[in-house]
Amino acid sequence: MPFADLHLHTFFSDGTYSPEEMVEKARGWGFSALSLTDHDTVEGCERTAAACALAEIEFISGAELTAQHEEHEIHILGYFIDTSHAGLLSEIEKFQAVRQNRIREIVARLNSLGIPLDAETVFNLANCRSPGRPHVARALVQAGVCSGLDEAFERFLKKNRPAFVPKFKMSAAVAIDLIHEAGGVAVLAHPGLNHADQVIAPMAEAGLDGIECFHTKHSTSTAEHYLEIADSLNLLVTGGSDCHGMNKGKPLIGTIKLPYQHVQKLKERVKERKEGLKPRISAN
Ligand code: AMP
Ligand code: FE
Ligand code: FE
Ligand code: ZN
């Protein structure tokens, strides 16, 4: 049975693989389809699509948008989006600018703690429009301040640590609308990491199309829990490894093999949305 990985990062956000390296790994694992879901950017989609075409893997355009619902940070995956959609591009450009300013702020905080680092070093290392804390962490390791990424997060970068700077996020409803306007479908990423199941029903009402039931960090029982929620709210089911290349020690690609039938259902939903037949949110 063919299978897909619908959650992958490259060095166009905070992964370490180039699109070509990532596609080569996917080919090795035997994936039939994959989606690139870099954080708040679609920059890597063109190269990934080209590499997929050579490897005879079906490419699904994607992005992982940082959003919030009430006080919860949530990530919304957009699939089958038109990566040249002007509205989408201008919106994500704003978020990229916010991310870049945030890097400057994080670096200023590190400087005030006596750590000599400059923002340009982080930008050069990131070499993408969507820099984030993992790039600062890598810069801290390169500078010899920390021995690994985890140490950098633990000492400085995670919430309640001295160089933590919150990120401005769009509302979940805006992110969902934006994805729909760009012709895609909107899926809640890794709900098991959010500890906020109460956001799912209101998001479904706002037009959410699916939830990522299968994820590397979801246990079997967590996946089952979200499959039940998906069923009760008439949401589609997706899954992906959330592979960031070598960022987290070993690559995660290959840990999730989403049966292709779920990709087929996503495509049907895309078609329904295109035809203006917004699917009814189930009342059962
Ligand atoms: P940001 O988007 O700048 O808030 O950074 C969030 C990203 O940091 C996540 O997508 C993860 O890839 C990464 N991350 C979070 N915690 C850790 C950690 N302990 N070690 C390595 N990467 C992490
Ligand atoms: Fe990430
Ligand atoms: Fe995420
Ligand atoms: Zn991700």
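Is histidine 7 buried or exposed? Select it and see: at 0% relative accessibility, histidine 7 counts as buried (buried is under 20% relative accessible area and exposed over 50%, with partly exposed in between, using a 1.4 Å probe and protein chains only).

Before moving on, know that this is a predicted model, where local features need pLDDT of at least 70, side-chain atom pairs count only at pLDDT 80 or more, and totals for chains, interfaces and linings use all residues. Residues are numbered from 1 along each chain as its sequence is written, chains are lettered from A and ligands numbered from 1 in the order in which they are written, and side-chain values use heavy atoms, without hydrogens and water.

Next, click the zinc ion (ligand 4). His7 (NE2), His9 (NE2), Glu64 (OE) and Asp242 (OD) coordinate it at 2.0 to 2.2 Å. Donors here are N, O and S atoms within 2.8 Å of the metal (3.2 Å for Na, K and Ca); water is not among the atoms, so sites may look incomplete. Along the sequence, the zinc donors are spaced H-x1-H-x54-E-x177-D. Histidine 7 sits in strand E1 (residues 3-8) and aspartate 242 in the loop between strands E9 (236-240) and E10 (258-259), so the pair ties together parts 235 residues apart in sequence. Strands (E) are DSSP runs of at least two residues, numbered from the N terminus; helices (H or I) need at least four. Aspartate 242 is buried too, at 11%.

Now hop to the iron ion (ligand 3). Its protein donors are Glu64 (OE), His75 (ND1) and His190 (NE2), 2.0 to 2.3 Å away. Finish with glutamate 64, which is buried at 1% relative accessible area.
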